[in-house]
Structures are given as C-alpha cells and as structure tokens.
Amino acid sequence: MILELDCGNSFIKWRVIHAADATINGGGIVDSDQALVAAVAALSSLRLIGCRMVSVRSEEETSALCALILASFGVEVSVAQPVKEMAGVRNGYEDYQRLGMDRWLGALGAYHLAGRACLVIDFGTAAKADYVAADGEHLGGYICPGMPLMRSQLRTHTRRIRYDDASAERALGSLAPGRSTVEAVERGCVLMLQGFARTQIEQARALWDEDFTVFLTGGDAPLVQDAAPQARIVPDLVFVGLAMACPIESR
Ligand SMILES: Nc1ncnc2c1ncn2[C@@H]1O[C@H](COP(=O)(O)OP(=O)(O)O)[C@@H](O)[C@H]1O
Ligand SMILES: CC(C)(COP(=O)(O)O)[C@@H](O)C(=O)NCCC(=O)O
Ligand SMILES: [K+]
C-alpha cells in the first residue's frame, strides 16, 4: 500500500491505495500532522511500502511531516519536486520553481486525463486557474482568495460581521439576496467563486473555442459546480499528477 498526501494551506488530504492496482483502501481530510497519523494508523491491516507527498507548506513543516511519517510508519516520503517538463507538459512560469506544486500536479493530471487543452480550476484556501494548451504548453494561470480567505478577511476587517459555522452552512441552502449578515456574506462569496469560474471558462473559450476540458477540484469545488455544468469534478486530480511525479515500485 502507498500513502498519498496533499498538504494544502488549510488541510491535509490523504489516502491509502493498493500499490498493484491503485484501488483505494481509505482516505480523508485532516487539519494537523497528529490527526493524520492517528487517522492512517486507525486503518486495519495497513502495510505501507511507500509514501508520496505534495506540499505547498514551508520546507520546515514539510520535512517535519516527512520525519513524523518515517517515525510512525517506517517509510521514506517521496516529495514531488518542481521540474520544467514532465509527461508532455511544459511548465509555463518564468521561474518554474515558483509555480505551486499543487497547481503543477493538477495540470499534469488534467492533461493526462483529457489528452487535449485543459483548464484546471482549484478551489482551496486560494482559488487557482491553470491553462494547458493542446500541445502540452502550460500557459500560466491565476491566483485569487478562495472561500476561507474571503470569509476570514471580512470577519477580520469589519466590526459587525460575526457568525458561526452552523449558520454559515445553513445560509448556503440558496443563493438569493441575503436577508441576514451570514446569508449576505456566504452567498456573496460563493457568487465571487462562481464568477471566477465563469470568467476562466470564457477565457478558455476565447483561446480554444470548444476544444478543451474543464476540471474542477479542491474542497470548495461543489459550491461552483452549478456555474460550470460542463466541468469534470475530479476531487483527486492532484493525486493523479502526484502518482505521475512520484512513481513507487510495487514489490
Ligand atoms: N471534510 C472537509 N473538511 C474540511 N473542509 C472541507 C471538507 N470538505 C470540503 N471542505 C472545504 O474545502 C475547503 C478547503 O479546501 P482544500 O482544497 O482542502 O484547501 P487547501 O488545499 O488549501 O488546504 C474548506 O474551505 C472547506 O470549505
Ligand atoms: C497558490 C497557492 C498558495 C495555493 O495553495 P492552496 O490554496 O492549495 O492551499 C499555492 O499553489 C502556492 O503556494 N503557490 C506558489 C505561488 C504560485 O503558484 O505562483
Ligand atoms: K491544495
């Protein structure tokens, strides 16, 4: 079995797959290194032969987690590293090492799945869009605040915007104009995300007419699904690219 880890700015997404056929044995989303170890250790008949990881966290945090994985499960961690080119995709950044590894792996995974031009939109802590042309050229992309950042900026920089998580969830039952603070903020931020997605799709259409595939991923992708009915929702898109970047031989 292989442990796969996607360390974002807010959460760690994890899953354990069988090395031979990539079927999924377990997985989840946790908010700390300790919670990760506890969740993985709780899997019955766990037999890891390796671990691969993508991280957009600091070097220090990333190596601390690698050391914890080695100490807890006895496997070395293969961490995805920036490259100029892989699997037919060419990194479009002026300095390829600066492109977020989650974005790069999402682009790799998308191009591999689609085999043609693709637009990847990822709604995590930040909202990201990346463009890969039909010939594999990564054209670059966009980074904006995602749902958690928009929310917390409003809460932090205003005096009268305060509400709890339960009412936030209830407020998203509809996107009609809000009649309370929580509705106004939550629905307004979702419409911002949807507007982001629509604008990206418009731009992809201007570039490629109808010859492209849209991928939606990231924890908040479901909030945007209705605004992009043509999109493929692929929650594990980053893991698709991670397996390509960090192959582990099964024994
Ligand atoms: N089970 C879950 N636990 C936590 N957040 C979730 C869950 N499912 C969806 N989300 C949403 O996913 C968002 C985080 O997305 P994610 O892609 O994990 O971000 P990042 O990669 O930046 O850590 C949160 O804002 C939350 O709204
Ligand atoms: C843009 C990001 C902060 C997104 O992080 P996430 O929302 O996945 O937690 C991450 O991809 C990153 O740190 N990128 C480096 C800067 C860049 O891609 O240009
Ligand atoms: K991410």
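In this predicted model, the shell of ligand 2 holds 14 residues, of which Asn9, Tyr93, Gly100, Asp102 and Arg103 come nearest. By class, these shell residues divide into 5 nonpolar, 5 polar and 4 charged. Two secondary-structure elements stand out for a reader tracing the site: helix 3 (101–114) and strand 9 (126–132) each supply at least two residues of the shell around ligand 2. Domain 1 (1–78) and domain 2 (83–144 + 186–236) both contribute to this shell, so ligand 2 lies between them.

Taken alone, ligand 2 exposes 470 Å², and the protein buries 76% of that. The space that ligand 2 takes is the largest pocket.

Ligand 1 also sits in the largest pocket. Around ligand 1 there are 13 residues, with Ser10, Phe11, Lys13, Thr125 and Asp220 nearest; the shell comprises 4 nonpolar, 7 polar and 2 charged residues. Domain 1 (1–78) and domain 2 (83–144 + 186–236) each provide at least three residues of the shell around ligand 1.

For ligand 1, Thr125 takes part through its side chain, with an N or O atom 2.4 Å from a ligand oxygen. Backbone atoms make the approach at two further residues: an N or O atom of Ser10 lies 2.9 Å from an oxygen of ligand 1, and a polar atom of Asn9 lies 3.5 Å from one. On its own, ligand 1 has 580 Å² of accessible area, of which the protein covers 70%.

How values were computed: Residues are numbered from 1 along each chain as its sequence is written. Chains are lettered from A and ligands numbered from 1 in the order in which they are written. This is a predicted model: local features need pLDDT of at least 70, side-chain atom pairs count only at pLDDT 80 or more; totals for chains, interfaces and linings use all residues. Side-chain values use heavy atoms; hydrogens and water are left out. A residue is near a molecule or strand if one of its heavy atoms lies within 4 Å of it. A polar contact is a pair of N or O atoms within 3.5 Å; within protein, one must be able to donate a hydrogen and the other to accept it, and residues adjacent in sequence count only if both atoms are side-chain atoms. Accessible areas come from the Shrake-Rupley method with a 1.4 Å probe; for residues, only the protein chains shown count as cover. On a 1 Å grid over the protein atoms alone, a cavity is a set of points where a 1.4 Å probe fits but cannot get out, and a pocket is an open set with protein on both sides within 12 Å along at least five of seven lines; lining residues have an atom within 4 Å of a point. A molecule sits in a cavity or pocket if more than half of its atoms lie within 2 Å of its grid points. Ala, Val, Leu, Ile, Met, Phe, Trp, Tyr, Cys and Pro count as nonpolar, Asp, Glu, Lys and Arg as charged, and the others, Gly among them, as polar. Domain bounds come from an automatic or database domain assignment. Helices (H or I, at least four residues) and strands (E, at least two) are DSSP runs, numbered from the N terminus.
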